[in-house]
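The entries below follow the order in which I looked.

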Amino acid sequence: MSNFQKAAAGAGKIGLVAGWGRYPVVLAASLKKLGYQVYCVAIKDHADPALRQIVDHSCEMGVAKLGGHVRYFRRHGVSQVALAGKIHKTRFIGRFEWVKHFPDLTAIKTFYHHFCSLKKDRKDDTLLTAVVDLAARNDVEIVPATDLVPELLATSGLVAGPRLSARQERDIEFAWTMAKELGRLDIGQTVVVQGQAVLAAEAIEGTDECIRRAGRLCPSGGFTVVKVSKPQQDMRFDVPTIGVSTLQTVAQAGGRVLAIEADKTILLDQSEVVSFAQRYQISLVARNGYDQVTLKQSRVA
């Protein structure tokens, strides 16, 4: 157990803001096994109802009830909070979408210049940093979930599936730099390639839709998916995450390789992921980056 884990376990309580997907469920279960008391704000229309059976206490709130989120954690004596799960940003980009989701006064003040005056952008990092700053002003620290449960991070190597061919290695190396540039610009984290030609690049639609689009554009399949962290990745939020559902999307679209960044990507349900990749002959590989040493090591793994 890390020093951070011991300190948090000694404090007894950890908060969780849970969005969409399996990650919040896996994280909550891991925190409970470590002995934490978990207090959860489950984002309405996003969070898995299964969380209620895992955490010590939960409260469902809309994503725009920021004042309510802060008050909930302070009321329960929670000073450290982890963010986990996806927020479907596409639901909030329409002209009057925020009105439909009833933002509270705190959210209006926090995001006024992002959604009303438009003096500030609406990139993921910009919005999430605003949330982190709001929490800090209210004595609530947003902490990296991966510091609490580092075992969820993928480690370097061939995780599952067939060894990569030289062509697939070239495709990964080709896409890696492009995916990093997408991340640097805070656009997306995934690029899909075939024969060193880009089929699809992720934007607001998310990884799964990016992969599906590549499948429609390349019905013969056999393509490579590369998903990396941002060069400026803040491990408190928006950490790349994959699980069985990601592999299912790759398989259904016709992909044959999924390359992720080691030590910067959350790998959920690893045994199930390995089993699925083996069954469908999908190569899942985690890398620390791309240089000639990395490539040579992968070929003899």
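**Entry 1: a glutamate and its partners**

With the side chain of which residue does the side chain of E261 make a polar contact at 2.8 Å? I found K180, with the two side chains 2.8 Å apart in that polar contact. I count a polar contact as a pair of N or O atoms within 3.5 Å; within protein, one must be able to donate a hydrogen and the other to accept it, and residues adjacent in sequence count only if both atoms are side-chain atoms. The side chain of S229 also makes a polar contact with the side chain of E261, at 2.8 Å.

Before going on, I noted that this is a predicted model, in which local features need pLDDT of at least 70, side-chain atom pairs count only at pLDDT 80 or more, and totals for chains, interfaces and linings use all residues. Residues are numbered from 1 along each chain as its sequence is written, and side-chain values use heavy atoms, with hydrogens and water left out.

I then placed E261 in strand β11, residues 257–261. Helices (H or I, at least four residues) and strands (E, at least two) are DSSP runs, numbered from the N terminus. Is E261 buried or exposed? E261 is buried, at 7% relative accessible area. My scale is buried under 20% relative accessible area, exposed over 50%, and partly exposed in between, with a 1.4 Å probe and protein chains only. Leaving aside residues up to four places away in sequence, E261 touches W176, K180, K227, V228, S229, R287 and N288; contact here means heavy atoms within 4.5 Å.

**Entry 2: the chain as a whole**

I stepped back for the totals. The protein chain has 12 helices and 13 strands. Of its 301 residues, 51% count as buried. I also looked at contacts between residues at least 6 apart in sequence: 73% of them join residues at least 24 apart. The accessible surface is about 14200 Å², and 52% of that belongs to carbon and sulfur atoms. These areas come from the Shrake-Rupley method with a 1.4 Å probe; for residues, only the protein chains shown count as cover.

How many salt bridges does the structure hold? I have 12 on the list, each one a side-chain nitrogen of Lys or Arg within 4 Å of a carboxyl oxygen of Asp or Glu. One of them joins the side chains of D125 and K230, at 2.6 Å from N to O. This pair links distant parts of the chain, with D125 in helix α6 (residues 124–137) and K230 in the loop between β9 and β10 (241–242), 105 residues apart.

K230 also meets D186 in a salt bridge, at 2.8 Å from N to O. D186 lies in the loop between α8 (166–184) and β7 while K230 lies in the loop between β9 and β10, so the pair ties together parts 44 residues apart in sequence.

K230 is buried at 3%, D186 is buried at 10%, and D125 is buried at 15%. A network of salt bridges links D125, D186, K230 and D238.

Next came helix α9, residues 207–217, where T207, C210, I211, A214 and G215 are buried. They sit on the same side of α9 because they cover an arc of only 140 degrees around the axis, taken from the directions from the helix axis to the C-beta atoms. On the other side, R216 and L217 are exposed. The buried residues pack against β7 (190–193), β8 (198–201), β9 (224–227) and α10.

I also found a salt bridge between the side chains of E209 and R212, at 2.6 Å from N to O. These two are three residues apart in α9, so about one helical turn separates them. E209 is partly exposed at 34%, and R212 is partly exposed at 33%.

V250 is buried, with a relative accessible area of 0%. Not counting residues up to four places away in sequence, V250 touches I211, V225, G255, R256 and I282. The C-alpha atoms of V250 and I211 are 6.5 Å apart, although 39 residues separate the two along the chain.
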